[in-house]
Amino acid sequence: MSPHKTTESSKDAAAEYFEKNPSPKALNSHQALAREFIQYHAETSPDRRIVLVTSGGTTVPLENQTVRFIDNFSAGTRGATSAEYFLKQGYAVIFLHRQFSLLPYSRHYSHSTNCFLDFMDEHQDDEGGVVVRKEYQEKMRRVLEEYHYAKQNRLLLLLPFVTVTDYLFELRALATLMHPIGSRAMFYLAAAVSDFFIPRERMDEHKIQSRDNGADGETGGQGSGASRQLVINLDPVPKFLNTLVQSWAPKGSMIVSFKLETNPDLLVAKAEQALERYHHDVVIGNLLTTRKWEVVFITRDGGEHWVRVPKTRRSKSFSGIEKMIGLAERKHEQHPIDLEGGTVTEG
Ligand code: PMT
């Protein structure tokens, strides 16, 4: 199939997807917030670059009134950590994330084996006072300063999604809103996006029953074994990367996508294939088991560039690798990307 035909057919598939699936309830309010955010930065600091970081996994509901859903693996660590680096580099960040996944700054104190209360102590001298424990104070002060800076300067906009349909509507809307800033826009697509879904017309309205409805309304079915299996028939979600590159994103913007694989023999080939197919700027490949300390950058000039956190520094791996990924930022102004230096030297 020619590239032209591929583009046309994926545009058709995308258009059909949006026609057949309902937009998220929050879309209008998110659009208003993002429009205001982009306008504010365009007017107050015309040179400021804005990155849309996507983060966390999308869900695929099995029922319209959703009790059960299929999830995509992602805690949001990559996205939240990278967002902090982009902010440090002076970007304004729109953080499109899975609801309740990790967020920039608060990620240091949430979802960890430590409960946030473990960072605190009751003040000994002061009646009723609460303090941060001594050993955590230095780091917390640093994180707090960065958080306050981002907040006071309106540099971070947090927009949540849940389902793959929410995500795609939001992505299309945000990309379109970024048009006025042209090449100062960057897309950094770290979210783990579902490849399969249940089309609206085939989705159950109510909770799928585990047995046929019987006298008690819940458990009448006499079936056993195979007769009570739940067989789910999923359709492919159209690949939206193509439509993002070809029509939603502003011309000249930089688009970085991620490729997640579990089989090391496939990673580079699949990342190269993605770049060839979608004609964007960079694919960052990672394997599920080594994603915290090893990524590969595939760039348009045919470059294959591995970034690795040395074994001795792996306890700090996430900070290290995201700092290197942040190098994508340095190249934003000079397409095509050309990366130098492959090993993380600071954590
Ligand atoms: O959050 P963490 O726990 O830190 O994990 C980080 C991560 C492993 C999730 C992250 O580094 C990562 O690899 N994210 C991309 C995961 C993913 O969706 O990979 P994929 O191989 O399924 O898709 C490749 C690309 O196709 C992605 O850019 C995706 O946006 C795009 N895609 C996917 C599905 C779809 N229907 N349309 C798409 O365009």
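## Helix α7 and its packing

The buried residues of α7 pack against α6, β11, β12 and β13. Buried means 20 or more other C-beta atoms within 10 Å of a residue's own; exposed means 12 or fewer; partly exposed lies in between, with C-beta atoms placed from the backbone. Packing rests on contacts, that is, C-beta atoms, placed from the backbone, within 7 Å of each other. Helices (H or I, at least four residues) and strands (E, at least two) are DSSP runs, numbered from the N terminus.

This is a predicted model: local features need pLDDT of at least 70, side-chain atom pairs count only at pLDDT 80 or more, and totals for chains, interfaces and linings use all residues. Residues are numbered from 1 along each chain as its sequence is written.

The buried residues of α7 are L267, A271, A274 and Y278. They share a side of α7 because they cover an arc of only 65° around the axis. The arc is taken over the directions from the helix axis to the C-beta atoms. Exposed D265, A269 and E276 sit on the face of α7 turned away from its buried side. Helix α7 covers residues 264-278, and its end C-alpha atoms are 22 Å apart, in agreement with the 21 Å that 15 residues should span at 1.5 Å a residue. The expected span is 1.5 Å times one less than the number of residues. H279 follows α7 and has a positive phi, near 55°.

Strand β13 (residues 294-299) is largely enclosed by the rest of the structure, because 5 of its 6 residues are buried. Strand β12 (residues 282-287) pairs with β13 in the antiparallel sense over 4 bridges. Pairing requires at least two bridges found by DSSP between the strands. G285 stands opposite V296 in β13. The hairpin of β12 and β13 has 6 residues between the strands.

β13 also pairs with strand β14 (residues 304-308), antiparallel over 5 bridges. E294 has R308 in β14 as its bridge partner. This second hairpin has 4 residues between β13 and β14, and G302 there takes a positive phi near 90°.

## Helix α2

Helix α2 (residues 27-44) has 18 residues and reaches 26 Å from its first C-alpha to its last, close to the 26 Å expected. H30, A34, F37, I38 and H41 are its buried residues. They lie on the same side of α2, because their arc around the axis is only 90°. These buried residues pack against β1 (50-55), β4 (92-98), β7 (156-161) and α5 (164-177). The face turned away carries exposed N28, S29, A32, E43 and T44.

## The chain overall

The chain has 9 helices and 14 strands. Of its 347 residues, 37% count as buried. Among contacts with a separation of 6 or more, 70% join residues 24 or more positions apart.

Notes. Contact = placed C-beta atoms within 7 Å.
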